[in-house]
Amino acid sequence: MSVILNKLKSILKEQEYKKLEKIKNEEVHKFILNAIEICNPKDIFVCSDTPDEIAFIKNMAIVSGEESAALNIPGHTFHFDGPNDQGRDREVTKFLVPKGDKLSAKLNQIDREEGLNEILGLLKNSMAGRTMIVRFLCLGPVNSIFSIPCMECTDSWYVAHSVDLLYREGYEMFTKLDNNVEIFKTLHSSGEVETETNGFPISKNHDKKRIYIDYTTNTVYSVNTQYAGNSVGFKKLALRLAIRKAHKEGWLAEHFMLMGVKGPNNRKTYFAGAFPSGCGKTSTAMLPQETILADDLAYVKEVNGECRAVNVEKGIFGIIQDINPKDDPLIWEVLTSPGEIIFTNVLVKDAKTWWLGMGCELPKEGRNFSGIWYKGKKDQTGQEIPPAHKNARYTVSLKALDNCDDQLENPEGVILSGIMFGGRDYRGYVPVQESFDWTHGVIAYGAALETETTFAIVGQEGKYEINIMSIQDFVSIPLGTYVKNYIEFGKKLTKQRPTIFGVNYFLRDLKTGEFLNGRRDKHVWVKWMELRVHRDVKARKTPTGLIPLYEDLVPLFKTLLNKDYTKEDYIKQFTIRVPENLTKIERVKQFWQHEENTPQEIFDVLEAQKQRLLEVQKKFGDYISPENFEVVE
């Protein structure tokens, strides 16, 4: 018996030790012992994924007061985070960077030694009087080339319950691991808690909230927070670790949704999509009649020359705002039916959950993250508190959805035929366009992905934020290196390479400011992309990409939306706006000129696009009807 196991045997109850003894990996034993010695819990519960233990965790989430089952739909529970703990906290989420190493200046970071001293100090004795729960999980399907074993030590029963809905159980896999396997690890503590604010035990010292990522040991540390994006270490936090692993091993870890799009003759084509927050990712993944494979994270690998992808997760931690029966019938049905769902930071009244944008009048009073709530209630700064938080969430298993794709647990993944990059571009890009080739798509749509935060009708520039591939906050290697990896990855795909598309659901009329897309129009763009992947329809070649023909969109609008699509709408939506596109290129160039390791391909592709725009500008002017461009196969 090792020294570490011997120490654990003296600390753990016999039944917990026996579960841990079956795991032979020394890194696991060392991590758990260190967590115990730092956090000083009163006892330890090791979950070996038996049905009884899973049920025990769910029950303890309620017994501890972290969740409440006081709702009128069986299986539903709700949880409140503190008023200052309502989302991912960029400012206090940092990479621990060793001396001599370097990350992009745009990424939050701290010297590793300094950061470790700080966060381990905050974690010291943080679990005193509470139970430390140990969960073993798997990122990606179990027993797959995509599998990454991961583990979390936490003192939150709510967190332990959440991971059960979001990730595959991994205890059995851990019992088979040797000492050479890379493991992702998370140590989380809610820290000191108080119940006075909203009746739930919430992290008291929110001013000492810290989420630090030590990529040298594949460890995430999280303290004085409960919000799942900060405390469930395997979402965006472990994505940062996976990106480094993917870089070393030659694959892609991505902020992707995955969906199966149905085509003619019962064909199903798999697409990935990267969209910054609020740009349409979940609503695209949840389109009616199609299937959802992932809503947030994907691993993508080259297998025998093909591009294959899996969902990192098995559940959804989704934003609930604006989900309503008209626009989101599939998820609405799930959220209003019996089944295991955790609601967070919604309004609770009459044993029902309520949220912003649900399509009906909300109660004037109830209970929310601020405690007893009433219309007009204000916070300490004098701001009116909404009935539910705009970042209120739901946590649910994907298999609860009728449209869950049947390949969710396929260890080989699915063949990825298309990738869409979508931003919020009020002025420039058309609603949908196909790249000329892999590198053009990676750069013109992915590395140039941006969101405009405001729109002024007359003269004033909006505020633009570049968010490359919708993953910029999480990239733990130089941004230029990340894009170079993408370009090189495409070269490995000798048998089959996904077609890359740029989508933009937010194009506005430059004079009136009105949106030129309806909320449901995205279904048409997705179906057109499916047809283009198989070359079932032709396209028009513009300077920025290949766009649809009017005659191919008319039947799609009629069939999918029962809408008569006019030539006037087509011309408005697909007019190439030369000045706005030229300005966009300059913004993107400026961004990349200040990055290290920027591949020359970025400037070459952008310059070629600029020259194409200038050429057609001389011939047709600033605003060019799509019908002026040639039709290609």
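## A buried loop residue, Val537

With a relative accessibility of 13%, Val537 counts as buried (under 20% relative accessible area, whereas exposed means over 50% and partly exposed lies in between, with a 1.4 Å probe and protein chains only). Val537 belongs to the loop that runs between α14 (522–533) and β31 (539–541), where helices (H or I, at least four residues) and strands (E, at least two) are DSSP runs numbered from the N terminus. Leaving aside residues up to four places away in sequence, Val537 touches Trp528, Leu531, Arg532 and Asp552, a contact being heavy atoms within 4.5 Å. Val537 and Ser190 are separated by 347 residues in sequence and, C-alpha to C-alpha, by 54 Å in space.

## Basis of the model

This is a predicted model, in which local features need pLDDT of at least 70 and side-chain atom pairs count only at pLDDT 80 or more, while totals for chains, interfaces and linings use all residues. Residues are numbered from 1 along each chain as its sequence is written, and side-chain values use heavy atoms, with hydrogens and water left out.

## Helices α1 and α3

Helix α1 (residues 3–11) packs against helix α3 (residues 26–39) at an angle of about 45 degrees, and their axes are 10 Å apart; axes are lines fitted to C-alpha atoms, for helices over the stretch in contact, and angles run from 0 to 180 degrees between N-to-C directions. This makes α1 oblique to α3, given that angles under 35 degrees count as roughly parallel, over 145 as roughly antiparallel, 65 to 115 as roughly perpendicular and the rest as oblique.

From α1, the contact involves Ile4, Leu5, Lys7, Leu8 and Ile11, and from α3 it involves His29, Lys30, Ile32, Leu33, Ile36 and Glu37.

## Helices α4 and α6

Helix α4 (residues 51–63) and helix α6 (residues 157–166) pack with their axes 8 Å apart and at an angle of about 135 degrees, and α4 and α6 are therefore oblique to each other. On the α4 side, Ile54, Phe56, Ile57, Lys58, Met60 and Ala61 meet Trp157, Tyr158, Ala160, His161 and Asp164 of α6.

## Helix α12

Helix α12 (residues 438–447) is mostly covered, nine of its ten residues being buried, and among them are Trp438, Val442, Ile443 and Tyr445. At the start of α12, the backbone nitrogen of Thr439 has a side-chain oxygen of Asp437 within 3.2 Å.

Key
A polar contact is a pair of N or O atoms within 3.5 Å; within protein, one must be able to donate a hydrogen and the other to accept it, and residues adjacent in sequence count only if both atoms are side-chain atoms.
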